[in-house]
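Subject: Structure handover

Hi there,

Here is the structure I promised to pass on to you. Have a look at it first, and then read on for what turned up.

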Amino acid sequence: SIGDAVITTDASGLITRMNPIAEQLTGWSFDEALQQPLSTVFPIFNASTGERLSSPIDRMIETGDIVHLSNHTTLRARNGSEYQIADSAAPIRDKNKQILGGILVFSDVTEQYRLREQAKTTQQRLQRLFDDMQTMVGLYDPDGTTTFLNNTPLLATGFTLAETIGKKLWETPFFNFSDESITLVREDMHNAAMGASTLADRQIMTFQGDKLWIALSFHPVFDDNGLVVQLVGEARDITARKAVENELLSSTQQLKRYRDQAPLATIEMDINQKVVGWNGAAEKMFGYTSAEAKGQLFAFILPDDAIRAESQLIWKDLANIRGGASVTSGFRRKDGSIFFGQCHNAPFIGESGEVIGAGSIIRDITTERTAQIAALDSEKTRKEILDSMVEGIVVSDEMGSILAVNLAAEKM
């Protein structure tokens, strides 16, 4: 009455009993099979090679152990039909543990075998399709279990498929080198299992102990009911890009430190002439904090419309003056006072050669300018006094070089 096929034999391997399921699968009635050798009624073959296999009862009687058939066993029925079967043979013993015969239990697993082989074929096709791509590709159950992986991450890291398939991704040697790495990938996959695509820069470990940066993304696959049934993972090696980014970050930080600590006011502007950088010296010079200055047009520190108009002409010429240009101009502080500064302007050039912004370095020259004006006024006064005298006067230094001549001397 059980659902499996059952055949019993004596110690010589001759059939003594057989249930209806066994009759159906072998094509032999019990009356016909009685006292027949099991190998006659139960011919089995290797499903992959077609090789005839020995009777499991014979092997069991030889060893006294339970015998299990492989997953690739085909039973060829009397009428030529073939079934994929799973079976086992166990000894029947008397009270003295002597083998009296054997019992063979087997079942038809043809459909399961077909599905398993179909899945295997699909897996092989996927492997051939995705292997040797630049992109790392993986398929995962919603709980994170790895079901497929192309060879790209294996070639990049030196690990094997056996070390990854069937494991949660965060438990594979790619990520289990640190608790932080495990947590990050586990959270990424959890979010994907909840239906959200993810993308993040993550590190993986190689067999040699080196670390690689990858751009890792997960995408949920939904069934007809909207449930997540699978996760697709993609990754690209971005180690070289990360190295450049880190180098650029280091350079940017150094430049920022220099800018912030420079004794001259340094102002950075975007393509729209809005302030995006304002160092400490600029805060002291103008009285505006960095937060107050950022986002303002550069013209907010210029005192009048004439100077603002002139600054626009300078801005237009920046694209042609790649080395920058220096001008002297008046500037307005937060308290409304005006001072004079020498301003060196230089464009910021993008990768394509276009102007993407500009920088200005400003030095307060108010004191210098006042001294120059005073010196000019003094020289003018001296010349007027000399020219008023009727005698010719020549002024020379100690070396005899002429420094000044009045009008009377010029006439003489």
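Just after H5 comes Asp132, with a positive phi of about 70 degrees. Please keep in mind throughout that this is a predicted model.

Now for the overall picture. The chain has 412 residues, of which 35% count as buried. Its secondary structure comprises 13 helices and 20 strands. The chain exposes about 24,200 Å², and 53% of that area is supplied by carbon and sulfur atoms. If you look at contacts between residues at least 6 apart in sequence, 40% of them join residues at least 24 apart.

Next, the empty space inside. Rolling a probe the size of a water molecule over the atoms shows where empty space is left. How many cavities of 30 Å³ or more does a search of the whole structure find? The search gives 2.

The largest cavity has a volume of about 230 Å³. Its lining is made up of 19 residues, and those nearest its centre are Phe298, Ser311, Ile314, Cys343 and Asn345. Four elements each supply at least two residues of this lining: helix H11 (305-317) and the strands E16 (325-332), E17 (338-349) and E18 (355-364). Which of them gives the most to the lining of the largest cavity? That is H11, with 6 residues. Sorted by class, the lining of the largest cavity has 11 nonpolar residues, 7 polar and 1 charged.

The second largest cavity has a volume of about 140 Å³. Two or more residues of its lining come from each of strand E9 (136-140), strand E12 (211-222) and strand E13 (228-237). In total, 15 residues line the second largest cavity, with Met136, Tyr140, Pro153, Leu216 and Ala235 nearest its centre. E9 gives the most to this lining, with 4 residues. By class, the lining of the second largest cavity has 12 nonpolar, 2 polar and 1 charged residues.

On to some backbone details. Two glutamines are worth a look in your viewer. Gln35 has a phi near 70 degrees, a positive value in a residue other than glycine. You will find Gln35 in the loop between helix H2 (30-33) and helix H3 (38-41). Gln273 also takes a positive phi, of about 70 degrees, although it is not a glycine. Gln273 sits in the loop between strand E14 (265-270) and strand E15 (275-278).

Is each of these two glutamines buried or partly exposed? Gln35 counts as partly exposed because its relative accessibility is 43%. Gln273 has a relative accessibility of 16%, so this residue counts as buried, given that buried means under 20%.

Ile61 belongs to helix H4 (residues 56-63). With a relative accessibility of 26%, Ile61 counts as partly exposed. Setting aside residues up to four places away in sequence, Ile61 touches Asp10, Ala11, Gly13 and Ile99. Between Ile61 and Pro91 there are 7.0 Å in space, C-alpha to C-alpha, and 30 residues in sequence.

Ser181 is part of helix H7 (residues 179-193). Why does Ser181 count as buried? Its relative accessibility is 9%, and buried means under 20%. Beyond its neighbours within four places in sequence, Ser181 is in contact with Phe175 and Gln203. The C-alpha atoms of Ser181 and Arg202 are 7.8 Å apart, while the two residues are 21 residues apart along the chain.

That is what I have for now, and the structure is yours to explore.

Best wishes

Key:
Residues are numbered from 1 along each chain as its sequence is written. This is a predicted model: local features need pLDDT of at least 70, side-chain atom pairs count only at pLDDT 80 or more; totals for chains, interfaces and linings use all residues. Side-chain values use heavy atoms; hydrogens and water are left out. Buried means under 20% relative accessible area, exposed over 50%, partly exposed in between (1.4 Å probe, protein chains only). Contact means heavy atoms within 4.5 Å. On a 1 Å grid over the protein atoms alone, a cavity is a set of points where a 1.4 Å probe fits but cannot get out, and a pocket is an open set with protein on both sides within 12 Å along at least five of seven lines; lining residues have an atom within 4 Å of a point. Grid points are joined across faces, edges and corners, and a volume is the space filled by probe spheres set on the points. Ala, Val, Leu, Ile, Met, Phe, Trp, Tyr, Cys and Pro count as nonpolar, Asp, Glu, Lys and Arg as charged, and the others, Gly among them, as polar. Accessible areas come from the Shrake-Rupley method with a 1.4 Å probe; for residues, only the protein chains shown count as cover.
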